[in-house]
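Subject: Structure handover

Hello,

Here is the structure for you to look at.

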Amino acid sequence: MTKPNKTSPRNHFTSDITIVGGGLVGMAAALALSKIGLKIHLIEHIAIKDDSHPSYDDRTLVVNRASIRFWENIGIWKDLSSDLTPIKKVHVSNKGHFGTVNFKASDYNLDALANIIEAKKLGMALQNKIQQTDNITVVCPAQVTGFDTITNAIKIDYCHDNTNHSIISQLMLAADGAQSQIRKKLGLETHIKSYQRTAIICNITPENKHDFCAYERLTHLGPTAILPFVNNRCGFVWTVNENKAEAIIQLNDQDFLKKAQQQFGYRLGKFIKVGKRSSYPLYLVTVPKQVKSRTILIGNAAHSMSPVSAQGLNLAIRDVANLIDIIDSANVNKQDIGSSKVLKDYQNAVNYDQNQTLKYTDDLMSWFKINNPIINSFRSMGLVALDNVSHLKFDLFTKASGFRDKTTKLLRLQ
Ligand SMILES: Cc1cc2nc3c(=O)[nH]c(=O)nc-3n(C[C@H](O)[C@H](O)[C@H](O)COP(=O)(O)OP(=O)(O)OC[C@H]3O[C@@H](n4cnc5c(N)ncnc54)[C@H](O)[C@@H]3O)c2cc1C
């Protein structure tokens, strides 16, 4: 965000909604809200440097079918078409034991079960679109330092160009990440569960063609995934014990490839090349109440989970889609969009999906921790059963695709 499309006037000014945090979720919310005609201010702390930003680095993101609809409906998806890799098949196995589950796009008459995009590409596309949108004002680099509710509004204080400013809005969206200072200042109850595991993430090139297949291997340390990517590269997500992570990352390329190969096996032939390694400690952050005082937490500020389930951004996008329906309806009916009723309606609308998705991710991380031969054979039998019962498989696929009972407007075909 080195070139904000409009600069902020000094001192007090107003917008319908101020979004704090211009990561993927803050930007997605800004664009979606601009489509319903609201005036948005987006305040982001860190400016883009050399086309890169820590909130959208080179991690590979699995974008499920519901999120694809959202990106299509806010006009971003076609800008990304040359950077997408389709997932045509998914193969799930229990490492060292029998039993697999296989999903194929062709079984559901689809071209792809999901798509893969580099976070950096998505972030830059959102940036460009925001720059062309009249009713979004970006203030960056700028840091929100405080806020207070006043009569029928919220006053948000921030520092930009070494000068203190404030803005008055009806509603504030806190998209300020997993360590959200806004959440802390609001005193919202937060639960943090550490898995004592670390995800090592890198690109690996295998000898054989990946054939657009994603692999998920369930091990007693947690899942390991291989995701198809451009130029036959694969995104490799490897869950290890937190106290072993640093030593594994520091291995030279040959030794790292050898260990990764032992972990994954030879289904894609020999691993021949590895890229830069990054690591992410794995934990689960849950916030039972995400609304207070004209403020709604969204994205990682509201829930943060292990990347092994590839659900963090996908869930946040469904939350944003719900938010748009609720705010649009309040706005059309000339109601206060920051009222406690709107906040309550939002919390009620997202509770079920969030609880289910967070539970699924937590189960994936915890269930396979128990390494016991009897339990292992039950798991293997479970995988075999799931693979053979088509309605159970379809139900799982539908949920992983992000479609639940209620479909919000931005997740519908338009
Ligand atoms: C390795 C990895 C792989 C992943 N893979 C997937 C996947 O396949 N599918 C999926 O759905 N999800 C995936 N995720 C999760 C996804 O990346 C996150 O859910 C998403 O990026 C969270 O975005 P966010 O905008 O909520 O938070 P952040 O990216 O943390 O952004 C918060 C922003 O707020 C700004 N900020 C903070 N405080 C202030 C302040 N006071 N004033 C102004 N600005 C402030 C920060 O500078 C930052 O830019 C993955 C995550 C990781 C780590």
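Below are the conventions, then the fold, the ligand site, the cores and some local details.

This is a predicted model, so local features need pLDDT of at least 70, side-chain atom pairs count only at pLDDT 80 or more, and totals for chains, interfaces and linings use all residues. Residues are numbered from 1 along each chain as its sequence is written, and side-chain values use heavy atoms, with hydrogens and water left out.

**Overall fold**

The chain has 10 helices and 20 strands. These are DSSP runs numbered from the N terminus: helices are H or I with at least four residues, strands are E with at least two. Of the 414 residues, 54% are buried. Buried means under 20% relative accessible area, exposed means over 50%, and partly exposed is in between (1.4 Å probe, protein chains only). Contact means heavy atoms within 4.5 Å. Among contacts between residues at least 6 apart in sequence, 74% join residues at least 24 apart. The chain exposes about 18,800 Å², and carbon and sulfur atoms supply 50% of that. Areas come from the Shrake-Rupley method with a 1.4 Å probe; for residues, only the protein chains shown count as cover.

**Ligand site**

The shell around the ligand holds 31 residues. Glu44, Ser55, Val62, Asn300 and Asn314 come nearest. By class, the shell has 15 nonpolar, 13 polar and 3 charged residues. Here Ala, Val, Leu, Ile, Met, Phe, Trp, Tyr, Cys and Pro count as nonpolar, Asp, Glu, Lys and Arg as charged, and the others, Gly among them, as polar. α1 (24-34), β3 (60-63), β9 (142-150) and α7 (312-332) each supply at least two shell residues.

Which backbone atoms face ligand oxygens? A polar backbone atom of Asn300 is 2.8 Å from a ligand oxygen. For Leu24, a backbone N or O atom lies 3.4 Å from one. For Ala175, the distance from a polar backbone atom is 3.5 Å. The protein covers 89% of the 1,000 Å² of accessible area that the ligand has on its own.

**Cores and α1**

The largest nonpolar core has 62 residues. Such a core is a set of buried Ala, Val, Leu, Ile, Met, Phe, Trp, Tyr and Cys residues joined through side-chain atoms within 4.5 Å. Ile17, Ile19, Leu33, Phe70, Trp71, Leu122 and Leu173 touch the most other members. α7 gives the most to this core, with 10 residues. A second, separate core of 21 residues includes Phe103, Ala225, Leu284 and Met305.

Leaving aside neighbours within four places in sequence, the contacts of Ile19 include Gly26, Ala29, Ala30 and Leu33. In α1, 11 of its 11 residues are buried.

**Local details**

- The peptide bond from Cys140 to Pro141 is cis, with omega near -5°. Pro141 sits in the loop between β8 (136-139) and β9.
- Asp161 has a positive phi of about 55° without being a glycine. Its place is the loop between β10 (153-160) and β11 (163-174). Asp161 is exposed, at 54% relative accessible area.
- Asn231 also has a positive phi of about 55°. Asn231 lies in the loop between β14 (222-228) and β15 (234-241), and is exposed at 68%.
- Ser401 follows α10 (390-400). Ser401 counts as buried because its relative accessibility is 3%.

Best wishes

Terms used
A residue is near a molecule or strand if one of its heavy atoms lies within 4 Å of it. A polar contact is a pair of N or O atoms within 3.5 Å; within protein, one must be able to donate a hydrogen and the other to accept it, and residues adjacent in sequence count only if both atoms are side-chain atoms.
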